[in-house]
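Thanks for making the time this morning.

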Amino acid sequence: MAPPRQVFVAIIGVGGVGKAFLGQLSQLAQRMSQNPSQPMYISLILLASSKKLLLSPNYHHLNLSTCASDLQSSTTTPMSPAEIAQYLEKAPEKTILIDNTSNQDIADAYPTFLAKGINVVTPNKKAFSSSLALWKEIFSAASNGTGSGGWVFHESSCGAGLPVISTLKELVETGDEVTRIEGVFSGTMSFLFNSFMPVGGGGGQFSAEVKKAKELGYTEPDPRDDLNGLDVARKLTILARMVGLDVESATSFPVQSLIPKELESCSSGDEFLEKLPQFDGQMDKTKEEAAKEGKVVRFVGSIDVAKKGVKVGLEKFDASHPIAALKGSDNIISFYTKRYGDNPLIIQGAGAGGEVTAMGVTGDLIKVLRLLHVQARRMSVVGRTD
């Protein structure tokens, strides 16, 4: 049996996902330390927000129960990604960086972290959907790519806690041929169009539904960040690259924006919402055209692997289609493959929310911990053999 292992964890980001993750991490650390057969001790050594830093200079364990409030009391400013990499590289045990942000600068530093043997777990879509060059650099450095550095996992970069990334990865690695991917990839856009044009008719005007979605917390502070389609485009970019398409970026294929051109320059989200009712006629026309065909309108993303085509935008669906039947803010992702034939493999469920997104991050953390445990056992066996 391998000796008990200690693993150091550094966390960046304490927003909605970050706070939920801290709660899940505390529970996980307690369960793992109490496992009599395979104890592994998780030590938090760094916690950072965009403005503050809580750090253990001597790599001593920070208190998980009080770390959030301790961070608030801290007067230390954050370190740069390069400084964090240097700090973690010198740690006496294996390290895992949990990036719960959407920060591009941190994402750009992933190859550096991985090359230094630092493992990375993240829901940060920007790391995997910005330039194709960064994607290749990340997986050229990672152990689960073609490199020999740290491990990198990003389940929550697409679909929050839904097993979208892991399912597609397994389909590809077992030799199935993925022909098409289609679905509703945004909890915000799902809620919006399920309300705007529910099956059976009805629904309010588009501007009113956008306002309601914002009041209920489904949209970003500025709803244009959802309506521009870029969030969905980033997720499609990740999945397209996983099936072998060299998509250059999330803006290198057709993405339909639902922001009227006249409102793109609004100075704030509030101003945008105030002026949006002036353009309800455009969406009313779209709804009416779909209704005449006995269909509903949904905001979807699709990948045609054979044609190397990726697109994001409005599509019409029969009321009996699984995408039309979605409720609330659920996501639905359909994988059409050679093995599954005409009936796609469908993943459906909550695609947004702090707790479910953090669950995906925690699941990825567990994957890394298991891999590190296996490495520890192998080193123990080699040591006894020597």
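Let me start in the sheet, where strand β1 (residues 5–12) and strand β4 (residues 95–99) run parallel and are joined by five bridges, with I11 standing opposite I98 in β4. Helices (H or I, at least four residues) and strands (E, at least two) are DSSP runs numbered from the N terminus, and two strands pair if DSSP finds at least two bridges between them. This is a predicted model, in which local features need pLDDT of at least 70 and side-chain atom pairs count only at pLDDT 80 or more, while totals for chains, interfaces and linings use all residues. Residues are numbered from 1 along each chain as its sequence is written, and side-chain values use heavy atoms, with hydrogens and water left out.

The whole sheet is open and has six strands in the order β3-β2-β1-β4-β5-β6, with mixed pairing; β3 (53–55) and β6 (152–153) are the edge strands, each pairing on one side only.

Turning to helix α7 (residues 132–141), L132, L134, W135, I138, F139 and A141 are buried, meaning under 20% relative accessible area, with exposed over 50% and partly exposed in between (1.4 Å probe, protein chains only). Their cover includes α4 (104–108), α5 (110–115), α6 (126–129), β6 and α12 (230–242).

Finally, an unreviewed UniProt entry lists E220 under "binding site", and such annotations may be inferred rather than shown by experiment. E220 lies in the loop between α10 (206–215) and α11 (224–227), and it counts as partly exposed because its relative accessibility is 41%.

Methods: Contact = heavy atoms within 4.5 Å.
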